[in-house]
Amino acid sequence: MTDILMPALSPTMTEGKLAKWLKDVGDEVKSGDILAEIETDKATMEVEAVDEGTLTEILVPEGSEGVAVNAVIARLNGDGEQTKEELKPGPQTSPTETPRTNAPAQQKRTNTTPKETVEKEWGKTRTMTVREALREAMVVEMRADKDVFLIGEEVAQYQGAYKISQGMLDEFGPRRVIDTPITEHGFTGMAVGAAMNGLKPILEFMTFNFAMQAIDQIINSAAKTLYMSGGQMGASIVFRGPNGAAARVAAQHSQCYASWYSHCPGLKVIAPWSAADAKGLLRAAIRDPNPVIFLEHEILYGHSFEVPEDEDFILPIGKAKVERRGSDVTIIAFSIMVDVALKAAEALADQGISAEVINLRTIRPLDVETIVESVKTTGRVVSVEEGWPFAGIGSEIIATVVEHCFDWLDAPPARVTGVDVPMPYAANLEKLALPQPGWVVDAVKKFF
Amino acid sequence: MAASPDKTKKPNRKPAAAMSRDELLGAYERMLLIRRFEEKAGQLYGTGLIAGFCHLYIGQEAVVIGMQHCLKDGDEVITSYRDHGHMLATGMDPKGVMAELTGRSGGYSKGKGGSMHMFSKEKGFFGGHGIVGAQVSLGTGIGFSNWYRQNDAVCLTYFGEGASNQGQVYESYNLASLFKLPVVFIIENNRYAMGTSIERATASTDLSHNASPWGMPSMAVDGMDVLAVKAAGEQAVAHCRAGKGPFLLEMKTYRYRGHSMSDPAKYRTREEVQKMRAEHDCIDSARKKLEEMGVSEAELRKLDDSVKARVQAAADFAQASPEPDPSELYTNVLVET
């Protein structure tokens, strides 16, 4: 007897819909036969048989939604049986080994945002994913301004490699939602040129890893032209896409670029965490007359949060948000590391330590005021980032704290970062390379 | 969006080269303005008033002046760091250009850009770019903006034969052909990329062939002849304006001066340069044609004098204009919001 398991179609998939069975109980199955169709929010794919035999049992009927990766969906009776271990798809060996992406609780959780912040109260909210929030931001801004368009690989007909732009081609047509060939250097230069002539492109990089092919155009053309032209000509353009480590895609596809871009004058750099961040800040980025780097996170795309329903909802660039109030230590994070920081704060609370958590939201310009105000209250600070330590965002945060509130510090500032190595592929090594809540807890406890 | 079905490699016939007396006289004057301006810039460089990189356009004047004849208001121009000629051709004020070379507040970029980085929104001049080949993707994007707005403006995108080896140039050929963008790609083949001759840098030295994989029409043009440039340019610009996509022109030209001011010029002989100057100079040949058309010596001398006076006025302005205020260090990094 061979178990057929729900396969993962992408490194970050945790569950999907079993759309259709193409084989019935009793059917003979040969290796390579299509058994079923699986749908996720990103794609529809076919499940091919690996083993031969007779389909004896269908355990998950077609139309079932939320089928967890690695769940047994059918059984096969035949020769050449393989063990369950051998049949498991590679990336998803067991949910406990890669908790960042596989824990269903995390995927489903609705993050509630504390109300203790000074920012404008936007009233009634509704739950939406980061993915939906990004799409809504683009759609409303494109409806409002005909100079705004979306360009990138697979953004139009394919509906987005990560389905951020789903449905946008239908609404805006092929002149405003534009598929490009795989030619980052060329199409980035092209988009910057269009921006220099007054258009407002939203350029989607399939991931920011690929933007390195185009970094000359981002820095030398987009970021510097305003200065070099004495203010005559600039580029109102948003470069957006997933940044940082996804899951099990190894060194060339897992890297945080926050520090790279934040180094450069002439750019604004945003890294949203929640869906509200994503929507409010992407709208602001599109309206901003400057080039903006908008660093999303693939693992957050499917996470749900409360987002204000107000149609004018927008967030200011350059303002951090205190996500949790505390009095003993300030934990500063951005993007998915806000999750890590909040979990650490929770764990610390159990141990009697009250941690304040700042979600930076914008990296450049850095909200020095919010950081300094917090550290003056708590006297201790830890930065948390996925990127590498050397010349990282943590370095900048700590320098800022030392410059502005050294006398208020009760302990040397600490940083928690990704490990200083290219990202490994092996599940255990990858986990060891990325900041975990426990690392933050340990860093904080050294203060006391 | 499919690639152009039109696989024409090159037009069948060379366009007729012609200019009226007044047109040629105007072209002569503008070429001469560039020549004298560049000579003056070379002098000021020698005295230390201009610093850094300074790439002179002397020898190549017919290219920009011939091409500019084909444009109308609303069209755009973008080029590399050898840009003084292009700016004067678009009608930018020689004073503002020269003052930028001297790094003064009266320069087009308030002294913050220098020789390689000047712009004029008013004249449709988009720079002035210091990274070899980068302006080709940018020019493709300016063409894209015309396509997006569905106007009939055309972007002239200039680059050297050295830049034509850059990957993003080929990416731009593909993108412009794929989207049928109104971009005239103009390779100014002056035969030397800094000190490397085209034969040493490019396996296929007939650069007009570079258009064929994308089904883009192209033409090799005598870039030392302003009439030939204008005739080819008209055909290329008309093609783009009609919405038929990009066009590639290879201008066979020559620079008399070094790559930049600091060029020991060991890669070619003095005789080669002299021969080109003596036999193919665009200004001399235009002058000869004008004389054949009956323009008097006196009229030409008057014109020479007025050009000289304009250049001197630019040089004077560039020295009198104050340096930028120190506060300018911090302005124009971002548009204030």
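Let's start in a loop of chain A, the one between strand 11 and helix 5, which spans residues 168–172. A:Glu154 is found in that loop. Please keep in mind that what we are looking at is a predicted model. The backbone at A:Glu154 has a positive phi of about 65°, although this residue is not a glycine. Is A:Glu154 buried, partly exposed or exposed? Its relative accessibility is 34%, so it counts as partly exposed.

Now hop along to another loop of chain A, between strand 14 (238–242) and helix 9 (258–262), where A:Arg248 lies. Here again we have a residue other than glycine with a positive phi, this time near 60°. What about its surroundings? A:Arg248 has a relative accessible area of 10%, and because the cut-off for buried is under 20%, A:Arg248 counts as buried.

One more backbone feature while we are in the loops. Which peptide bond is cis? The one from A:Arg364 to A:Pro365, with omega near 5°. If you want to find A:Pro365 on your screen, look in the loop between strand 21 (362–364) and helix 12 (368–378) of chain A.

Let's step back to the overall layout of chain A. The domain assignment gives domain 1 at residues 2–83, domain 2 at 126–308 and domain 3 at 321–445. How far apart are the centres of domain 1 and domain 3 of chain A? Taken over C-alpha atoms, 42 Å separate them.

For a closer look at one residue, go to helix 11 of chain A, residues 337–350, and pick out A:Ala345. With a relative accessible area of 0%, A:Ala345 is buried. Leaving aside residues up to four places away in sequence, A:Ala345 touches A:Arg324, A:Ala355 and A:Val357.

Now for the two chains together. The model scores ipTM 0.93 and pTM 0.88. In the interface, 45 residues of chain A are in contact with 43 residues of chain B. The two chains bury about 3,700 Å² between them, and 64% of that is on carbon and sulfur atoms.

What kinds of contact join the chains? On the chain A side, the elements that give two or more residues are strand 11 (148–152), strand 12 (177–179), helix 6 (184–196), helix 7 (215–223) and helix 8 (225–228). Helix 6 gives the most to that side, with ten residues.

Finally, a word on confidence in chain B. Its mean pLDDT is 94, and 96% of its residues reach 70 or more. Where is the pLDDT below 50? Over residues 1–9 of chain B, a stretch that has 19 contacts in the model beyond near neighbours in sequence. Where pLDDT is low, the predicted coordinates should not be read in detail.

How values were computed. Residues numbered from 1 in each chain as written. Chains lettered and ligands numbered in written order. Predicted model: local features only at pLDDT ≥ 70, side-chain atom pairs only at ≥ 80, totals over all residues. Heavy atoms only, no water. Helix = DSSP H or I, 4+ residues; strand = E, 2+ residues; numbered from the N terminus. Buried < 20%, exposed > 50% of the residue type's maximum accessible area, 1.4 Å probe, protein only. Contact = heavy atoms within 4.5 Å. Domains from an automatic or database assignment. pLDDT = per-residue confidence, 0-100. Buried area = accessible area lost by both parts, 1.4 Å probe.
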